[in-house]
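Dear colleague,

I am handing over the structure below, and after it you will find some notes on what turned up when I went through it. Please keep it open while you read.

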Amino acid sequence: MLDEIKKAYRKKAREHHPDKNPDDPEAGKKFQEMAAAYEILSVEETRDAYDRYGVEGMSRNGPGGGFGGGMDPADIFAELFGASMGFGFDYGPGSRGPRRTKGQDSNIPYEVTLEDLYNGKTVKMNMEKEVVCGVCKGSGAKGSAKPKQCVKCEGKGWNMVTTSMGPQRLGTHRAMCMECEGHGEKIREKDRCKKCKGSKTVKEKTRQEIYVERGMADRQRIVLAGAGDEEPGVPPGDVIFTLKTRSHESFERSGNDLLTTVHITLSEALLGFSRILLTHLDGRGVHVTSPKGKIIKPGDSIILRGEGMPVYKTPDHKGNLYVMLEIDMPDETWLKNIDVPALAALLPPKKPEMDPKPAVVDEVPFEESDIVDVRETPFPAGSNFFDHASGFQFGEGDEADWEDDEDDDDGMEPECRPQ
């Protein structure tokens, strides 16, 4: 139990030590908090007080005494080492005795395509892991050699150090002994195992296989239980693959539903269509026929039921596929090669002039533009596009740039619109 706490602390202490993070102003604070949590949880008496009374037992006037309140060592350890570490004791008041511990988990991000999540995929990969040395059986020593007490820390595994906490502020706390790496003892070089060089574990190549199931989600985890690094006297941790979905050029996913955009011609919008609209994620062509006499307008969409993502664990059931229909207007070349008067006779009539006309009419030149050019802040063209304040969509500018004469005598502070 105590060895697990020490091992986790040693690893993180090296990572967060202020000397190794000179550009991180928070490194000293994090290191101080971690050392304080270790000070509480690494000593049997104070850990027992914490188990019995919680963080209140660590306050100066509480049953445990001697440690400042205001922080929960369990929270600090959970944040720094992860809830899956398991240090051999139960956090919180009223807990009793040890619980099962295991080695540290290995978290590996794994990138997948939308096709992988739609069709499923089996992946085999070569990996390297730490295994307990077979020669010394995890002792780190050869033969009957025994470790000796560390001279620098006198067997405690830690030393008192002073670090800067800010201008004219110094903090004193326990820090891992770098000589023995927190063990409190050392194996003399001549007594170390020749295979593992005293480290108790050796690297071993393994071949792992994971199965990306149909319908899995972005950030979903695939856990290989017990496939992580081994440590002496502790069950090995897990290897956890976290899926990261690569963006797709044609489809967007929302839960079990899919969204895509299909371009149709003006003729198809007016007269209908019956053709393969798209190629699906499994390579199938999806043929759709529009209803007879249906005119498709700009912004229309259709739903193809049962053509969305497979439902995880029940892949025979699928979500829906939403298709946005975008009408491609003909270009000027097409217009030059047709009988324009005949087309005008076929199309609905143009809108008549305003009646009555405004008193003043200005002639303004026609000039093409792009609506994106006048946006001050870009927003994705999703379903909530128009939820944003219009000023930020169409360039009204920041309210700080405007003054209102009517508010001068109000005596109140101007109200700022959140961005």
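**An open sheet and some salt bridges**

In this predicted model, three strands make up an open sheet with mixed pairing, and their order across the sheet is 1-9-8. Strand 1 (106-112) and strand 8 (221-224) stand at the edges and have a single partner strand each, so one side of each is left without a neighbour in the sheet. On average, neighbouring strands of this sheet are turned by 25° against each other, if direction is ignored. Strands of a sheet pair through backbone hydrogen bonds, and they can do so in a parallel or an antiparallel way. Here strand 1 pairs with strand 9 (residues 239-245) in the parallel sense, over seven bridges, and Val-112 stands opposite Thr-245 in strand 9.

Turning to charged side chains, the structure holds 14 salt bridges. In one of them, Lys-313 pairs with Glu-213, and their closest N and O atoms are 3.1 Å apart. Because Lys-313 lies in the loop between strand 15 (310-311) and strand 16 (314-318), while Glu-213 lies in the loop between strand 7 (201-212) and strand 8, the pair ties together parts that are 100 residues apart in sequence. Lys-313 counts as exposed, at 55% relative accessibility.

Another salt bridge joins the side chains of Glu-154 and Lys-156 (4.0 Å, N to O); Glu-154 counts as exposed, at 56% relative accessibility, whereas Lys-156, at 32%, counts as partly exposed. Finally, salt bridges also link Asp-282, Arg-284 and Glu-307 in a network.

Definitions and conventions: Residues are numbered from 1 along each chain as its sequence is written. This is a predicted model: local features need pLDDT of at least 70, side-chain atom pairs count only at pLDDT 80 or more; totals for chains, interfaces and linings use all residues. Side-chain values use heavy atoms; hydrogens and water are left out. Two strands pair if DSSP finds at least two bridges between them. Helices (H or I, at least four residues) and strands (E, at least two) are DSSP runs, numbered from the N terminus. Axes are lines fitted to C-alpha atoms, for helices over the stretch in contact, and angles run from 0 to 180 degrees between N-to-C directions. Buried means under 20% relative accessible area, exposed over 50%, partly exposed in between (1.4 Å probe, protein chains only).
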